[in-house]
Amino acid sequence: MITIVVPTYKEAGNITVLVRNVDDVMRAAELAYEMLIVDDNSPDEIIQVVASLQPEFPVRILLPSGRPRDLSLSVIDGIKAADSDRVLVMDADLSHPPQVIPAMVAKLDQDENSFVMGSRYMAGGSFDRDWSLWRFFNSHVATLLASPLTTSSDPMSGFFALNRQFVDVESLRPIGYKIGLELMVRGRFSGVSEVAIQFKDRTVGESKMNFGQQWKYLRHLRRLYLHRFKGWAEFVHYGAVGASGFVVDILFYYLFQYLGLGHQSARALSFWPAVSSNWALNRVTTFGERKRRPRTRQWLEFVGSSMIGFSLNWGIYYWLTSQVAFFDEFRLLALIGGIAGASLFNFAASTLFIYSEKRIG
Ligand SMILES: Nc1nc2c(ncn2[C@@H]2O[C@H](COP(=O)(O)OP(=O)(O)OP(=O)(O)O)[C@@H](O)[C@H]2O)c(=O)[nH]1
Ligand SMILES: [Mg+2]
C-alpha cells in the first residue's frame, strides 16, 4: 500500500485526468494505493470534483487550515495524514508521468531506506524542449547550488517517494517550494535512487513560480547548508560579507575623494560605511537566524573587534616580513597570512560573542 500525496492549488481542471491516469497505472501494476489531495482552499470546485470521483476511485481530500497557503507545508500535512508509511508525492498539473510510479515503488521495495526521485536530468529523462533559456538556466543554477547537499541529479523535482519512518516530520523547516530537497537532506535515508521521467509542461491552469520563490529558495538553501555544514557554512558566508565590505570600502574611498576630500581623510572615513555594512549584513544574513541583540551596542562591539582584527592583520604582516626572510621575499603571502589571521579572529569574536545568543530555530 502506498499513499500518493498530491498538493493542489487551483487544479480542479487537472484532477480528473490525473486520478484516472494514476488509477489505470496502479491497476495494471496491481498496486494498492490511496490518493490524498491536499488543497489549500482553492477558489475552484475541487471539492465537488473529488466527491464525484470518490465512488469510483480511492481518493480523499485534505483541507488544512490555520496556516498560510504553502506547497511544502501541504506536502508535510499529506505525509502526516497518509494511511501508509510509504508515500509518493507528485504534482497535479500532469507534469509528472504516472507510468513510472511502479518503477519508483520497486525502488522502495529494493531498499525501504532510500529516497526515490523522479529525475528529468538523468540519462533517459527529459523535459519539454520549448523551455525558455531563462527557465533552463534557472533550473540548472538551482540544481548546481544544491549539489553539495545531495547526490540527486534533479533535487528540484517534486516527484518522489519515501518511507516516512525515516523522517522526523516535526523537524522539517522548509522555506518555499523545494520540499523534496528538504526531505532528502534532513531525512535519515541511505541514499537517493532515481527513476528517469519525461517531464511535461502544464497545459491547464497557471504556474505559481516567481521571483519570490527564487529568493525563498536561496534562504532555504542557506538553512540546509547550516544544517549540514554548521559553522563552516557560517564561516564561508562571513567571508563573503567581508569581501562585500571590501567593495564598499573602495567605493566610498573614491566617493569621498570625488566630493573633495583628500585621499588620507577618504581612507579614514571609508572604513565606517564598510564596517557598518558588514555589521548589518552579518546581523540579517550570516547570523540572521539568531536572536538579535541591541543595535548600538552590537555595532560598537563589531567596530571594536574589526579594529583589533585590523591590528592583527597588520601585526602579522609586520612580524612575518621583519622576522622571516621567506615572507620578506614573498610579501603577498605575508599579506594573505595577515588577512587569514584577522578573519579567523573576527569570525570567532562574532560567532562567540558579538552575535552570540542561542539560535532561534
Ligand atoms: N496545497 C498547495 N498546493 C500548491 C501550492 N502551490 C502550488 N501547489 C501545487 O503544487 C504543484 C506544483 O506547482 P506548480 O505551480 O505546477 O509549480 P511548478 O511545477 O514549479 O511550475 P509550473 O509547472 O510551471 O506551473 C501543483 O500540483 C500545484 O497545484 C500551494 O500553495 N498549496
Ligand atoms: Mg508544475
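Student: Before I start, what does the model rest on?
Tutor: It is predicted, so local features need pLDDT of at least 70 and side-chain atom pairs pLDDT 80 or more, while totals for chains, interfaces and linings use all residues. Residues are numbered from 1 along each chain as written, chains are lettered from A and ligands numbered from 1 in written order, and side-chain values use heavy atoms, without hydrogens and water.

Student: Where are the domains?
Tutor: Domain 1 is 2–229 and domain 2 is 231–354, with bounds from an automatic or database domain assignment. Their C-alpha centres are 44 Å apart.

Student: How many residues make the contact?
Tutor: Six from domain 1 and eight from domain 2, where contact means heavy atoms within 4.5 Å.

Student: What area is buried there?
Tutor: About 560 Å², with 45% from carbon and sulfur atoms; this is the accessible area (1.4 Å probe) lost when the two parts are put together, summed over both. Arg222, Leu226 and Phe229 supply 81% of what domain 1 buries against domain 2.

Student: Which residues form a salt bridge?
Tutor: Glu289 and Arg223, with closest N and O atoms 3.7 Å apart. The rule takes a side-chain nitrogen of Lys or Arg within 4 Å of a carboxyl oxygen of Asp or Glu, and finds one across the interface.

Student: New topic: is H6 buried or exposed?
Tutor: Helix H6 (179–186), a DSSP run of H or I with at least four residues, has eight of its eight residues buried, meaning under 20% relative accessible area (1.4 Å probe, protein chains only).

Student: What covers H6?
Tutor: The cover includes helix H3 (71–81), helix H5 (133–146) and helix H7 (211–229).

Notes
Buried < 20%, exposed > 50% of the residue type's maximum accessible area, 1.4 Å probe, protein only. Helix = DSSP H or I, 4+ residues; strand = E, 2+ residues; numbered from the N terminus.
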